[in-house]
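Let's take a friendly walk through this model together. Have the sequence and the 3D view at hand as you read.

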Amino acid sequence: MSIPTNNTSIWTVIPRKRRFWDILIFWKSTGTEKAKIPTPAHITKACKGIELQGKKIKTILYSTDLALIENNDADALLAVYPFTPSLRIIRTLIAFSNKPVICGIGGGMTQGDFAISIALEAQNAGAAAVIVNQPFKNEDIVKLKEHLTIPIISSISTLNFDFEERIRAGVSCFNITGGTNTQEIVDYLQKKHPNFPLISTGGKTFASLQNMVNKKINAVVLTPPTNAELFRSIMDTYRLE
């Protein structure tokens, strides 16, 4: 596959005069063939990596779509969504994905004992780590730390936050999701806490992804194209035949 230019999407496939499925051949479990929506390994290899379930993780797919999960070769899965955490979803994704799963357990509407119980169930189901949103209370993180053996990751979306208190509560890693301010937050944390693990969103283009991994973060979170976007690519390719 040709490497796209820096201004193109990290998932862009340059059409050729062949069938779509001839261009993007699925990576089977042997690892000898290419995934249909592969991660850009030539860029993400610059990440330092974090260890989850004995594996070094550099790329994390942000999706709960089973078809996208099966057809992507990211090292791990980030399972968060804008609804109350569901044990059915957690168990399904862990059983299906065959890779480490980072499970969202709350932080906004979901707090306290319910979030803690979800975290314990996720750990029992085989989750590699749990992740909480910025509003999650530090006292609940302290309680989580007492009961969990898997890492606790905290998402951060602003510089106006007490990072030190969060670290003292027991989180193992920050996930930076600051939109246009993401790089600024990463720069701040690398200066104030140079040895603390960071994962971060990488943006939608090769340029934004390259800028982020050049900062030597531990892992990058990649958001795949939607099914509608993928079907559009397929149909555009068919029309060239």
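A residue is called buried here when its relative accessible area is under 20%. Keep in mind, too, that the model is a predicted one.

With that cut-off in hand, look at helix α8, residues 182-192. Its buried residues are Thr182, Ile185, Val186 and Leu189. These residues span an arc of only 100 degrees around the axis, which puts them on the same side of α8.

Now turn to strand β8, residues 173-176. Cys173 and Asn175 point one way from the strand, while Phe174 and Ile176 point the other way, and all of them are buried. On one hand, β8 pairs with strand β7 (residues 152-156) in the parallel sense, over four bridges. Within this pairing, serine 155 sits opposite asparagine 175 of β8. On the other hand, β8 pairs with strand β9 (residues 198-201), again in the parallel sense, over three bridges. Here isoleucine 176 has serine 200 in β9 as its bridge partner.

β7, helix α7 (residues 163-169) and β8 form a right-handed β-α-β unit. β8, α8 and β9 likewise make a right-handed β-α-β unit.

Next, find strand β4, residues 76-79. Ala76 and Leu78 point one way from it and Leu77 and Ala79 the other way, and all are buried. Strand β3 (residues 59-62) pairs with β4 in the parallel sense over three bridges, and isoleucine 60 has alanine 76 in β4 as its bridge partner.

Finally, look at the second largest pocket, which has a volume of about 760 Å³. It is lined by 40 residues, and those nearest its centre are Tyr62, Thr177, Thr201, Val221 and Thr223. Which elements each supply at least two residues of this lining? They are β5 (101-106), α8, α9 and β10 (219-222). β5 gives the most, with three residues.

Notes
Residues are numbered from 1 along each chain as its sequence is written. This is a predicted model: local features need pLDDT of at least 70, side-chain atom pairs count only at pLDDT 80 or more; totals for chains, interfaces and linings use all residues. Side-chain values use heavy atoms; hydrogens and water are left out. Buried means under 20% relative accessible area, exposed over 50%, partly exposed in between (1.4 Å probe, protein chains only). Two strands pair if DSSP finds at least two bridges between them. A crossover is right-handed if, with the strands pointing away from the viewer, the path from the first strand over the helix to the second runs clockwise. The arc is that of the directions from the helix axis to the C-beta atoms. On a 1 Å grid over the protein atoms alone, a cavity is a set of points where a 1.4 Å probe fits but cannot get out, and a pocket is an open set with protein on both sides within 12 Å along at least five of seven lines; lining residues have an atom within 4 Å of a point. Grid points are joined across faces, edges and corners, and a volume is the space filled by probe spheres set on the points.
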